[in-house]
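Subject: Structure handover

Hello,

Here is the structure for your files. My notes follow below it.

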Amino acid sequence: MSAPTAPRRTLLPLSVLSQHLTNRSAKTCQYRCGDQCSQPVPNTSANTYFGDIVAASVSRRSVLQGAAGTAVVTSLAWGTAEQAVAAPGKGRGGKNLAGFEPIAPTPAHVDDLVVPEGYDWAPVISWGDPVEAGAPAFDVHNQSVEAQKKQAGYNADYLSLRRGGKGNNGANKGLIVFNNEYTNPELMFPGYDEAAGPTAEQAAIEMAAHGMTIVEVARKGQFAPWTYDKNGARNRRIHAWTPFAVSGPAAGHDALKTSADPTGRTVLGTLNNCAGGDTPWGTTLSGEENFHQYFNATGAEDPEGKLARYGISASGRGWEQADERFMITSEPNEVNRFGWIVEIDPDDPNSTPVKHTALGRFKHEGATIRLAADGRAVAYMGDDERFDYVYKFVSKGRYRQGDKKHNMTLLSEGDLYVARFTGDGFEDGINDGTGEWIGLVVDGRSKVPGMSVAEVLIWTRLAADKMGPTKMDRPEDVEPNPHTGKVYAAMTNNTRRAPSQIDEANPRANNKFGHVIEWTEDGNDAAALTFTWQIVLIAGRPEDPSTYFYGYDKSLVSPISCPDNVAFDSQPDHLWLATDGAPGTIGTCDGMFLMPTAGEDKGKVQQFLSVPAGAECCGPVVSWDDRSVLVCVQHPGEGLPSNYPYLGDSVPRPGVAHVYRSKR
């Protein structure tokens with residue numbers, strides 16, 4: 001299916017924009033993370049703040065380069081919001097290294113997926129599309145639990161594109177895997193009563209819309225869009241009732257046992273799946289992030305603060321009326337069965353996915369794999385919470401080329417570390433910060449006083465608090481560059497950072513724009529226990545003196561806010577960034593950006609696309625031929641009306657879109 005040819009751009013009055021910025025933020029917080037921004041900060045430990053360290057890493061001279069003062073939301077560096085609309089697809093700075101003409105920032109009230117000149121886009125698959133045999137066509141007025149279990153899930157986030165696949169290595173066939181992070185019931189159900197909350201049936205439909213979706217795709221050449229095959233042999237839906245095996249040292253621990261599973265080794269479902277990663281052995285990893293919001297802790301005791309440290313409170317999404325396991329007083333251990341990294345085999349729709357306890361339990365943004373020099377698998381992970389930590393796992397076993405069965409055991413046993421960043425080793429105030437990986441579990445033994453290995457893995461946040469890691473500004477996607485080995489971490493934002501917790505301007509108090517850091521493991525070996533790091537981006541409007549674009553002339557870059565996901569293409573110096581929060585911070589739609597990390601264009605941030613009003617840009621994947629991009633459009637219409645993907649439905653439908661070259 002190709003995108004509609006009729007104009008899709010919808011301009012809402014600017015008077016609506018300020019209300020949208022507030023509403024969109026409130027809805028996002030409510031349904032994705034349980035409104036954590038309005039809750040007390042879970043981490044009250046006395047560990048070092050990242051701002052205390054990083055302020056010394058960027059000199060005032062570098063920060064002020066190209067500065068022209070601070071603008072207000074409707075007076076952007078690129079001109080006014082109306083001027084940006086008048087010149088869609090025309091940015092400044094000319095064509096960049098990828099050969100596209102950067103688009104101008106899209107005002108947050110524009111309901112359109114904007115792409116560069118010479119490109120087109122089409123929806124690949126959207127919420128409710130049939131996936132498994134027997135699934136009905138999407139009908140927003142005829143939803144059911146059984147139908148949703150076989151239809152594409154809601155709110156796509158992490159996305160994987162696999163070339164060819166089982167029995168097929170062609171360039172024009174493949175497989176996509178995407179997470180279904182959370183649901184927006186007020187958008188899903190016509191006439192939804194927000195004051196009353198979901199009915200039991202609506203809650204069950206939401207449960208079925210969570211999880212993951214796997215579908216086969218095909219295209220008719222490089223200049224045609226991907227389409228999905230509703231009859232694909234590997235098509236599969238994973239939802240809140242899919243059985244998962246539990247692996248690793250915490251499997252079978254008393255804290256994982258429930259009345260339905262007295263063994264503590266089989267869990268039903270995966271929830272709030274955010275980012276993820278592909279493994280060298282052909283499986284997909286997915287992170288269970290804001291799982292806390294699905295559990296109601298009313299009346300539950302918490303003498304050791306375990307529930308509080310994970311943000312679990314006496315409020316939830318009402319799922320306990322559909323399934324009592326979400327009521328903590330009824331099933332106190334069910335909550336401990338979520339917050340893990342899960343692994344699935346997309347090539348085998350009959351396989352049992354696994355929850356890996358060896359990688360720790362926290363609000364996993366995702367996990368990405370790099371092989372160490374000796375063949376061990378190293379997984380990088382971020383805990384997406386204000387003032388929480390960056391982790392990595394190093395497997396005990398070693399990767400064996402072509403031995404998938406063996407390789408699928410690698411994440412079941414190994415060492416777990418948490419990061420500490422320091423300013424030691426600075427020469428010019430810019431480069432060569434140092435860091436170390438602090439062991440939590442090493443050689444099968446707990447390094448945390450008073451906690452067993454299983455306890456460290458089940459309550460990883462509490463264990464890490466005791467070891468003095470560095471508090472971060474919401475560490476989200478953490479990924480190694482597959483060409484260089486350098487690791488990039490998106491720190492999306494932290495509006496709770498007080499002036500007393502930083503030195504100078506960066507990252508800032510009330511850091512609502514976020515930043516990106518880069519580190520290199522010593523010897524460029526993923527298993528090393530020390531590293532050097534530097535800041536490569538401090539986001540915001542270029543004219544804001546507190547921003548930093550890797551030293552590049554700020555008069556020639558695109559404004560960017562709230563980096564969330566990172567991705568790479570075939571070029572070793574290309575870093576792609578997707579954003580989550582631009583509407584409420586700089587007044588533009590979220591989107592996807594390219595930032596070179598080397599050469600004369602190092603730091604030249606240029607915007608490639610923007611997603612529609614109310615939407616978040618997620619899971620970008622650059623295809624193997626560097627000619628197209630797959631991107632997830634999450635929660636379109638959140639706070640403002642949207643018709644995305646413009647198929648004539650009465651509700652917006654989040655899903656996967658393909659942006660491809662329309663001109664040779």
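What is the order of the strands in the open sheet of four strands? The order is β3-β33-β32-β31, and the pairing is antiparallel. The edge strands are β3 and β31 (616-622), each pairing on one side only. Neighbouring strands of this sheet are turned by 25 degrees against each other on average, direction ignored.

Before the details, the basis. This is a predicted model, in which local features need pLDDT of at least 70, side-chain atom pairs count only at pLDDT 80 or more, and totals for chains, interfaces and linings use all residues. Residues are numbered from 1 along each chain as its sequence is written, and side-chain values use heavy atoms, with hydrogens and water left out.

Terms: strands are DSSP runs (E, at least two residues), numbered from the N terminus. Two strands pair if DSSP finds at least two bridges between them. Angles run from 0 to 180 degrees between N-to-C directions of axes, which are lines fitted to C-alpha atoms.

**The sheet**
- β3 (residues 119-126) and β33 (residues 655-661) run antiparallel, joined by seven bridges.
- D120 has Y660 in β33 as its bridge partner.
- Six bridges join β32 (residues 628-634) to β33, again antiparallel.
- L630 stands opposite H658 in β33.

**G397**
- G397 sits in strand β18 (residues 390-398).
- Leaving out residues up to four places away in sequence, G397 touches R376, A377 and L410 (heavy atoms within 4.5 Å).
- The C-alpha atoms of G397 and T409 are 8.1 Å apart, with the two residues twelve apart along the chain.

Best regards
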